Amino acid sequence: MSICFNNEAKQFYLHTRSASYVMEIYEGCLAHIHWGARINQAPLLDELFPHYVGGGFCASDLPGRITDSTDILPQEYPSFGSADLREPAIQVRFETGDGLIRFRYHSHRIYNGKPAPEGLPSAYGTEDEWETLEITLLDEFTGLKAVLNYSIFYEQDLLARSAKIINSGALSCELQQAASFAMDFHDDRFDVIHLPGSWGRERHIQRTSLDHTSIRLDSKRGSSSHNQNPFLALVRPETTETAGDAYGFCLVYSGSFMAGAFCEQFHTTRVQMGIHPHNFSLRLTPGEAFQTPEALLVYSGKGLGEMSRKFHRVIRKNLCRGNYRDTARPVLINNWEATYFNFDEEKILTLAEKARKIGVDLMVLDDGWFGKRDNDNCSLGDWVPNLRKLPSGLDGLAKKVNAMGMQFGLWFEPEMISPDSDLYRAHPDWCIHTPGRPRTEGRQQLILDLAKPEVCDYIINTLCGILGSCSISYVKWDMNRNMAEVPYAGHGHRYMLGLYRVLETITGKFPHILFESCSGGGGRFDAGMLHYMPQTWTSDDSDAVERLYIQEGTSLVYPTSTMGAHVSAVPNHQVGRITPLDMRSKVAFMGRYGLELDLNKLQEAELDKLKEEITFYKAYQQLIHCGDFYRLASPYHSNRAAYQIISEDKNTVMVFLFNVTGIPHMCADRIHLQGLDPDGVYVDIDTDKAHDGSALMYVGIPSDNRRDMLSTVRIFKKQ
Ligand code: DGJ
């Protein structure tokens with residue numbers, strides 16, 4: 001058993017391969033003792049607080065104990081309503097007007113397997129892979145319960161936490177906040193790593209010393225957003241890619257969220273994550289319950305690289321689902337940057353034909369194929385092909401593309417409605433709005449109110465109708481604005497539940513279709529969406545240099561298998577930069593490879609080059625997406641970047657070397673490989689030269705730094 005309860009010490013132990021998580025029932029409170037390197041037995045909490053701590057200004061609600069106050073006690077799910085005046089994980093307002101909760105241990109159970117939070121995305125696996133501890137806390141004054149869920153995945157040192165709040169009392173209440181988890185570390189010697197950004201520059205790595213302060217990350221935008229990702233890591237100041245403690249936290253949710261690390265007077269750190277309490281409120285009548293989203297918690301004692309690889313394995317194998325989870329995916333061409341709205345069937349077929357000749361498998365028709373949409377002013381909701389542009393309809397076009405030997409894919413933005421659309425004229429009340437107040441448009445569009453079941457049903461029926469009507473092998477599911485003027489508190493979460501129902505139904509009905517989510521690029525790149533769609537369009541910015549930053553930031557949590565990455569034109573449409581085709585292609589190798597440019601404008605030599613690149617990518621895509629990813633050199637710290645992917649059997653190693661700006665008259669850089677067998681012999685497949693594994697790791701390989709925008713991929717095979 002990896003989870004056990006020591007009845008004498010009143011301590012819970014959750015052991016994974018190299019980590020332990022320990023809690024103690026202390027005066028009925030659920031206290032946190034340890035999360036980190038694996039231990040056999042923890043001291044009692046009283047032994048860790050050998051002298052009396054209390055008095056001062058802390059109210060004494062644990063009289064007679066060494067830790068005299070819950071304001072000092074390291075807690076697992078703190079509430080407002082006793083002496084603990086730090087950040088609460090839960091807040092309620094009862095119909096009497098008060099909001100006090102005093103949770104105490106009530107019961108627990110341990111079982112194999114892992115429950116799936118109803119209606120929400122979550123990690124999954126077999127009864128052998130997961131084991132669960134469920135602890136119920138009770139406020140005896142109101143009957144409110146919190147059932148805390150701790151599911152461990154032994155192999156990856158992963159803990160999935162969530163909470164179910166049950167109103168088992170006689171009074172109704174408004175639930176105003178319910179974090180997915182909280183925990184108190186005993187010190188604050190941490191740096192916080194998070195992934196802020198904006199449209200076109202998502203998930204840039206930020207590392208900030210906690211320095212006895214508090215850091216709150218959030219999105220109040222109705223989606224996980226471009227601006228912050230629902231991820232944070234706490235690391236020691238000395239932690240690097242390869243050494244030191246790293247604690248990673250990732251929320252499996254796609255709506256507004258709040259994550260924070262809060263330092264307190266005793267230099268402790270409370271970390272928590274969950275649905276944003278801002279404008280959140282749900283009524284719980286007696287007997288009703290609320291399920292929080294799940295959070296994934298990973299510990300690594302070997303630095304950030306190992307933390308990321310643990311997230312990658314679990315996201316790849318135990319969060320993403322569907323036919324495409326493990327199989328090779330088609331190389332696609334998307335017409336967006338090739339044509340924008342200005343296309344017709346002939347142009348699409350010409351592009352497809354050129355693409356087919358260089359090895360592309362799938363033609364994706366992006367925005368503009370429906371209604372009278374020639375620009376972004378109209379027609380969202382009118383999912384009827386524009387016969388002026390597509391005279392043989394979707395079915396006719398799909399058949400012609402199929403006849404070339406290619407698959408056909410289609411763009412949708414199903415959650416949206418244009419004020420200038422037949423759908424809006426028929427159902428003006430279906431958009432998110434507050435009657436009597438002005439409504440803000442974003443990109444000239446409104447959002448369909450997925451908190452309404454009839455709107456969700458409409459989307460399901462419409463999409464299923466189209467997807468069943470012709471041969472569609474791929475869907476790009478876009479979402480291009482934030483939510484404004486939401487009609488009531490708690491609406492955002494109801495919207496997410498509606499969206500998840502829609503996604504579960506549609507992706508379940510069409511298992512042969514590859515779905516890629518998108519939100520103006522990577523505005524909803526989160527573990528929640530990945531549960532339904534195994535890849536996300538990483539960013540609208542496909543410039544190779546910017547992509548090094550975005551893809552490296554994204555790789556802190558999400559595997560290469562989830563990142564849509566396309567070769568686009570130069571000058572780049574987002575930043576105007578000119579990068580060599582070779583570099584654009586090598587950067588795109590580290591994701592789900594595709595093209596997003598007008599092939600008619602390329603020279604024959606460039607088309608030949610792309611053909612070679614696609615052949616190479618196809619030969620190695622399983623390695624790229626199923627191997628272990630290492631960050632060897634970062635563009636955040638230098639003018640270069642280097643990454644490594646090693647196959648699960650450790651026999652094939654792929655190294656990516658990029659030099660962004662050249663340095664004149666300088667010795668070559670050395671890049672040190674990682675995770676090889678030091679006694680193994682590795683042969684470079686281009687030169688046939690054998691290399692010693694230890695030398696590849698500890699002496700390194702040279703990386704050319706003399707010119708701007710250099711890119712090299714090297715492959716070593718173990719003999
Ligand atoms: C935003 C997406 O990120 C783009 O790739 C493209 O699909 C446009 N929307 C189309 O409107």
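Which strands and which helix each supply at least two residues of the lining of the largest pocket? In this predicted model, the elements that do so are strand E8 (144-153), strand E9 (158-167), strand E18 (282-284), strand E19 (289-291) and helix H8 (491-509). Strand E9 gives the most to this lining, with 5 residues. The largest pocket holds about 540 Å³ of space. Its lining comprises 27 residues, and those nearest the centre of the pocket are Glu118, Lys164, Ala289, Phe290 and Gln291. By class, the lining of the largest pocket consists of 13 nonpolar, 6 polar and 8 charged residues.

Arg161 is part of strand E9. Although its side chain is charged by class, Arg161 has a relative accessible area of 1%, and because this value is under 20%, the residue is classed as buried. Two polar contacts of the Arg161 side chain can be described. One is with the side chain of Tyr150, at 3.4 Å. The other runs to the backbone oxygen of Ala182, at 2.8 Å.

Ser151 belongs to strand E8. The relative accessible area of Ser151 is 1%, so this residue is also buried. In sequence, Ser151 and Leu133 are separated by 18 residues, whereas their C-alpha atoms are 6.3 Å apart in space. The loop between E8 and E9 contains Asp157. The backbone of Asp157 has a positive phi of about 50°, although the residue is not a glycine. Asp157 is counted as buried because its relative accessibility is 3%, with the limit for this class set at under 20%.

The ligand site was treated separately. The ligand is surrounded by 13 residues, of which Asp366, Asp367, Lys476, Asp478 and Asp540 are the closest. The shell around the ligand is made up of 4 nonpolar, 3 polar and 6 charged residues. Three of the closest residues are described here by distances between their side chains and ligand atoms. For Asp540, a polar side-chain atom is found 2.4 Å from an oxygen atom of the ligand. For Asp367, the distance from a side-chain N or O atom to an oxygen atom of the ligand is 2.7 Å. For Asp478, a side-chain N or O atom is 2.7 Å from a nitrogen atom of the ligand. The ligand taken alone exposes 290 Å², and 97% of that area is buried by the protein.

The largest cavity has a volume of about 110 Å³. It is lined by 14 residues, and Gln75, Tyr77, Ser79, Phe103 and Arg104 lie nearest its centre. The lining of the largest cavity divides into 7 nonpolar, 4 polar and 3 charged residues.

Further backbone features occur elsewhere in the chain. Tyr340 lies in the loop between helix H3 (336-339) and helix H4 (345-357). Like Asp157, which has a positive phi of about 50°, Tyr340 shows a positive phi of about 50° without being a glycine. The relative accessible area of Tyr340 is 32%, so the residue is partly exposed, a class that covers values between the 20% and 50% limits. A cis peptide bond is present between Val570 and Pro571, with omega of about -10°. Pro571 is located in the loop between strand E29 (563-568) and helix H11 (581-589).

Met654 and Gln644 are 10 residues apart in sequence, and the distance between their C-alpha atoms is 5.5 Å.

Note on methods:
Residues are numbered from 1 along each chain as its sequence is written. This is a predicted model: local features need pLDDT of at least 70, side-chain atom pairs count only at pLDDT 80 or more; totals for chains, interfaces and linings use all residues. Side-chain values use heavy atoms; hydrogens and water are left out. A residue is near a molecule or strand if one of its heavy atoms lies within 4 Å of it. A polar contact is a pair of N or O atoms within 3.5 Å; within protein, one must be able to donate a hydrogen and the other to accept it, and residues adjacent in sequence count only if both atoms are side-chain atoms. Accessible areas come from the Shrake-Rupley method with a 1.4 Å probe; for residues, only the protein chains shown count as cover. On a 1 Å grid over the protein atoms alone, a cavity is a set of points where a 1.4 Å probe fits but cannot get out, and a pocket is an open set with protein on both sides within 12 Å along at least five of seven lines; lining residues have an atom within 4 Å of a point. Grid points are joined across faces, edges and corners, and a volume is the space filled by probe spheres set on the points. Helices (H or I, at least four residues) and strands (E, at least two) are DSSP runs, numbered from the N terminus. Buried means under 20% relative accessible area, exposed over 50%, partly exposed in between (1.4 Å probe, protein chains only).
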